[in-house]
There are 2 protein chains.
Amino acid sequence: MHPDVRKIKVIGFDADDTLWVNEPFYRETEKQFCTLLKAYLNEEEINRHLFQVEIGNLELYGYGSKAFMLSLIETAILVSGGKVTAGEIRKILELGKAQISQHNPLLPGVPEVLATLASRYRLIVATKGDLLDQERKLKNSGISNFFHHIEIMSDKTEDHYRKLMNHLDIKPDQFLMVGNSLKSDILPVIRLGGYGIHIPFHVTWQHEEVLEHEMPDAHYMTLNTLTEILPLLG
Amino acid sequence: MHPDVRKIKVIGFDADDTLWVNEPFYRETEKQFCTLLKAYLNEEEINRHLFQVEIGNLELYGYGSKAFMLSLIETAILVSGGKVTAGEIRKILELGKAQISQHNPLLPGVPEVLATLASRYRLIVATKGDLLDQERKLKNSGISNFFHHIEIMSDKTEDHYRKLMNHLDIKPDQFLMVGNSLKSDILPVIRLGGYGIHIPFHVTWQHEEVLEHEMPDAHYMTLNTLTEILPLLG
């Protein structure tokens with residue numbers, strides 16, 4: 001990392017799959033959803049339709065668990081050719097509620113790293129999820145107090161990070177973003193002149209590998225686990 | 001208002017029914033929802049069930065249009081005794097999407113007042129709705145640029161406002177909140193030592209009247225329209 005890393009004042013952490021496990025719970029709900037509807041269509045086809053419905057609803061619903069639930073219901077109506085029963089829809093609501101209620105385990109080293117960094121930097125959560133869901137996950141995992149506040153972002157483009165930095169009253173080179181997505185957490189921040197630390201979650205790793213060669217070394221690093229951040233900043 | 005009103009640095013505006021018309025669109029969707037399900041139960045009973053379902057889901061879903069849509073679907077299954085059809089559920093999804101997509105007209109004087117205040121105070125939106133919905137409404141009504149940023153709050157209790165003030169790095173007496181709800185926008189802010197300007201929306205007015213006698217005059221005023229704020233602060 002660049003020696004000017006000492007200028008950093010605020011560290012933003014992505015939440016889902018950076019601080020805690022999340023994506024596997026979505027996959028599990030989808031699996032149960034497909035099992036529920038298997039009389040109408042096979043798993044592969046249902047997942048294909050679900051993806052299309054989610055993309056179609058993104059502009060209107062945004063991200064998060066409630067958007068996901070509404071898209072599940074719409075997909076159920078679609079793939080069943082209008083034959084899905086009220087009982088099956090009720091079951092989908094129950095699957096969604098169970099997913100919202102479940103506990104998301106922290107990823108390795110999270111509390112220790114946050115405890116060390118919180119005394120020297122202003123830490124924030126910067127996430128696209130539902131505020132209520134993210135507050136609940138922070139509280140349940142006992143790490144709320146390490147964060148100054150939660151920033152809910154409707155998307156994570158350069159423009160959204162520019163607004164965030166303006167809101168935080170900091171310059172790009174005073175901001176470091178830590179996250180599991182090169183596309184959403186790292187690239188837009190680097191392009192603005194900020195710093196990024198990429199900690200791939202096993203699911204996203206292969207898919208985004210190619211992008212890494214585009215990244216300027218001085219403002220960017222990939223780590224295997226969050227604990228490796230401490231020798232760099234601690 | 002208290003002479004120390006000149007200390008105010010940040011003015012928070014509630015969004016729905018303070019900046020723009022919102023509640024009547026929810027009522028209209030509910031009316032259409034009841035018409036759709038009239039074969040199963042009468043309007044009064046459906047509304048009673050819907051209210052109970054919404055209260056029951058509040059902790060899990062929070063506020064906003066997607067929470068509302070999910071509660072409408074759950075209520076439809078309930079009031080139909082599990083007989084509601086996939087076609088009727090699809091219609092409920094369409095009602096919800098239409099409500100999210102519609103244009104919310106600004107309340108009288110909003111752009112003029114914001115234009116005047118924005119040069120002298122930091123203005124923010126402080127709202128319980130979905131971020132994406134509120135960003136869309138701000139953008140559609142052409143008033144985004146007057147605001148420093150949008151604060152999405154999972155609830156509006158004293159504790160939430162305390163966190164907000166901490167996040168904004170201001171003391172309570174540097175904050176003024178403008179909103180249509182005494183309970184959510186004014187009382188918790190006043191209790192913390194901040195200022196509140198209450199602009200009742202016609203629907204909430206009668207219901208909350210009684211609370212006004214509990215309010216300390218120096219930190220609180222009720223106005224009929226937003227334009228009346230200018231002689232006080234402008």
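**Contacts between chains, domains and charged side chains**

In this predicted model, a salt bridge joins the side chains of A:Lys97 and B:Glu74, with 2.9 Å from N to O. This pair links chain A to chain B, and the rule finds 4 salt bridges across the interface of these two chains. The interface brings 40 residues of chain A into contact with 40 residues of chain B. About 3300 Å² is buried between chain A and chain B, and carbon and sulfur atoms account for 62% of this area. On the side of chain A, 19% of the area buried against chain B comes from A:Leu60, A:Lys66 and A:His167, more than from any other three residues.

A salt bridge is also formed by the side chains of B:Asp169 and A:Arg122, at 3.2 Å from N to O. This pair crosses between chains: B:Asp169 belongs to the loop between α7 and β4 of chain B, while A:Arg122 belongs to strand β2 (residues 122-127) of chain A. B:Asp169 has a relative accessible area of 52% and is exposed, because the limit for that class is over 50%. A:Arg122, at 31% relative accessibility, counts as partly exposed. The backbone of B:Asp169 also has a positive phi, near 55 degrees, in a residue other than glycine. Most residues other than glycine have a negative phi.

Within chain A, the domain assignment gives domain 1 (10-21 + 104-233) and domain 2 (23-101). The contact between them involves 12 residues from domain 1 of chain A and 8 residues from domain 2 of chain A. The centres of the two domains, taken over C-alpha atoms, are 29 Å apart. Domain 1 and domain 2 of chain A bury about 870 Å² between them, with 55% given by carbon and sulfur atoms. Of the area that domain 1 of chain A buries against domain 2 of chain A, 40% is supplied by A:Val21, A:Lys128 and A:Asp130, more than by any other three residues.

Helix α1 of chain A covers residues 23-36. At 1.5 Å a residue, its 14 residues should span 20 Å, and the C-alpha atoms at its ends are 20 Å apart, which agrees. The buried residues in α1(A) are A:Tyr26, A:Thr29, A:Glu30, A:Phe33 and A:Cys34. Seen down the axis of α1(A), these buried residues fall within an arc of 140 degrees and therefore line one face of the helix. Their cover includes α2 (43-61), α3 (65-79) and α4 (86-101) of chain A.

One of these covering helices, α3 of chain A, contains A:Ser65. A:Ser65 has a relative accessible area of 6% and is buried, because buried means under 20%. Apart from neighbours within four places in sequence, A:Ser65 is in contact with A:Tyr26, A:Ile100, A:Asp130 and A:Asp133.

The loop between β1 (10-13) and α1 of chain A holds A:Asp17. A:Asp17 is not a glycine, yet its phi is positive, at about 70 degrees. This residue counts as buried, at 6% relative accessibility.

Over all chains, the structure holds 23 salt bridges. In one of them, A:Asp14 pairs with A:Lys156, and the closest N and O atoms are 2.9 Å apart. A:Asp14 lies in the loop between β1 and α1 of chain A, and A:Lys156 in the loop between β3 (149-152) and α7 (158-168) of chain A, so the pair ties together parts that are 142 residues apart in sequence. Both partners are buried, A:Asp14 with a relative accessible area of 8% and A:Lys156 with one of 4%.

In chain B, B:Arg162 forms a salt bridge with B:Asp159, the closest N and O atoms being 3.4 Å apart. B:Arg162 and B:Asp159 are 3 residues apart in helix α7 of chain B, which means that about one helical turn separates them. B:Arg162 is partly exposed at 44% relative accessibility, and B:Asp159 is partly exposed at 40%. Elsewhere, salt bridges that share partners join A:Asp14, A:Lys156 and A:Asp185 into one network.

Definitions and conventions
Residues are numbered from 1 along each chain as its sequence is written. Chains are lettered from A and ligands numbered from 1 in the order in which they are written. This is a predicted model: local features need pLDDT of at least 70, side-chain atom pairs count only at pLDDT 80 or more; totals for chains, interfaces and linings use all residues. Side-chain values use heavy atoms; hydrogens and water are left out. Helices (H or I, at least four residues) and strands (E, at least two) are DSSP runs, numbered from the N terminus. The expected span of a helix is 1.5 Å times one less than its number of residues. Buried means under 20% relative accessible area, exposed over 50%, partly exposed in between (1.4 Å probe, protein chains only). The arc is that of the directions from the helix axis to the C-beta atoms. Contact means heavy atoms within 4.5 Å. Domain bounds come from an automatic or database domain assignment. Buried area is the accessible area (1.4 Å probe) that two parts lose on being put together, summed over both.
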